[in-house]
Amino acid sequence: MQRLARNGGTAELLRWLSGRADGWAGIAGSDGTVLSASGTVAPDAPQPPDVPRLVADGVRALAERGALAYSHDTGAHTALLFPLYADDRGAAPLLAVVTPRPVAAGLATLLADVLMPLSLCWETEAVERKRRRVDLAESRGREAVLHLLMTGQLSIARQVAGALRPRLPDPVRVCVVECPGGSRDEVARVCAEADGGRSWIVRCPVYARHLILVMPAEEAPEGTATDEAVAALVDHCVVGVSEQVPLADTATGYRQAFHALAVAREHPARHVRFGLTPEPALVVGSAGRQWAEALLTPLLTHVPRRAQDPGSQELAATAASWLAFSSHATGHLKVHRNTLAARLKLIGELLGLDLHRLADQSALDLALRIRATPAPVCTPDPGEPTRTDTGGAAAPAHANGAAHDLDEVLRRPAVQEWAARQLSPMGGPAGPAAEETLRAWLGCEGRLGPTAAELGISVPGARKRLTRLETVLQRSLLRPPSARYDLWLALRAQEVKP
């Protein structure tokens, strides 16, 4: 019994008991519900009993009589019940055994002896189940806070995070850690120790091997940077880190960290920090903000016909999640794929966009990022006149004018400079081949098969080209969040260059 308790716990003890009793053994709750069981009553036995009903009747009789044990003969079988706990701890579960008659000699004594190891195993497993529920609740709570941060709901995120530790830092760096298979919990412990418990650590709801760390922007007073420490301590671990961003721009930090992760996979040190700036939403100026507002207004003013239908904020969050994670958005949003498809269809109808086209996806992605970016940090148009409103804040003179076309936004000098920076890594000797691959991939809507056909090479060959291009551009292309929207916008900006 001691060996079984150590190696197999409750399940092995019940299996052993059912064998010794040549019947059925299980644990029943105080209401008669069978909680765990092993063995069966032989189906060819004369008048085989209804075991669940027999156990429930025995539990009820034991409670009514206030007895310490119960035995009931059905003619061909005997049911034996013993409470697992001998002290006064309320409604205790019971050990129940159904065995053929005559009862084997010494079985009652054996059952009395097994109560102690069985009760210890049951209690230990109950504590472990509670611990797992607590861990799951905390993990889901952290995931919810990350989701709120990614959708820009900063005040609610801080309120929810107030019950957990550590406090959300501001500003932050976002770190994405790709763990070896099956080691995410252990890597999370290593991250917490390496960072001194300063970071907000979340198990990624989309990628099963990823950890997301929202870290204080300033380095720890002593010791190695967290990304370097984790890469050094965990074999086959890869780490990507964003630039310093405000807490409200956690979504931007995550995209940057994910792009850095794509480069880190090919880097000997296995950790890379993002180095391309700025975000396109920061350089579009007032023209870009007007264009984004005009594009998104039908979505943001949408009123659902039924109370159970998604509202404007939920649809906007769905669009942002799908653009970032593609089909993996179902795991991020915790919705069925049919629900996601229905929402995307509604979003496309409201905005007048074909979300199967990369051009429309890129436009919507840029508009949502502009909306999530505070207006004061956007680069103003050179020489743009400003006016002062009643609150004293500077605003563009044509802030209430007509919305600008996307091509007009892309012609802005600041956007043209941003586009040149995005494409500048392809200026080396491999530039023409790299640009040909990129244009073919974007022209085929980011699909690998048609890209290979367009280039006249195999699908594995196209994948290898794009993997090399990820290293050149220092951006993720093959896995979402992908840089394809930024790259489409950069190439389009070159095409409409004044």
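Modeller: Let's start with terms: strands here are DSSP runs of E with at least two residues, helices are runs of H or I with at least four, and both are numbered from the N terminus. This is a predicted model, where local features need pLDDT of at least 70 and side-chain atom pairs pLDDT 80 or more, while totals for chains, interfaces and linings use all residues. Residues are numbered from 1 along each chain as its sequence is written, and side-chain values use heavy atoms, leaving out hydrogens and water.

Biologist: OK, what joins strand 7 to strand 8?

Modeller: A hairpin, through six residues.

Biologist: And how do you know that strands 7 and 8 pair?

Modeller: Pairing takes at least two DSSP bridges between two strands. Strand 7 and strand 8 (residues 210-216) have four, running antiparallel, so they count as paired. Val-202 sits opposite Ile-212, and Ile-201 has Leu-213 as its bridge partner. On strand 6 (residues 172-178), seven antiparallel bridges link to strand 8, with Arg-173 partnered by Met-215.

Biologist: What makes strands 7 and 10 edge strands?

Modeller: The open sheet's five strands go 7-8-6-9-10, with mixed pairing. Strand 7 (200-203) and strand 10 (271-273) each have a single partner strand, so one side of each lacks a neighbour in the sheet.

Biologist: How do you know that helix 4 packs on the sheet?

Modeller: Contact means heavy atoms within 4.5 Å, and helix 4 (residues 107-150) touches strand 7 and strand 8. Its direction makes about 105° with strand 7's; axes are lines fitted to C-alpha atoms, for helices over the stretch in contact, with angles from 0 to 180 degrees between N-to-C directions.

Biologist: Why is Ser-321 called buried?

Modeller: Buried is under 20% relative accessible area, exposed over 50% and partly exposed in between, using a 1.4 Å probe and protein chains only. Ser-321, in helix 10 (residues 312-325), comes in at 3%, so it's buried. Strand 8 has seven of its seven residues buried too.
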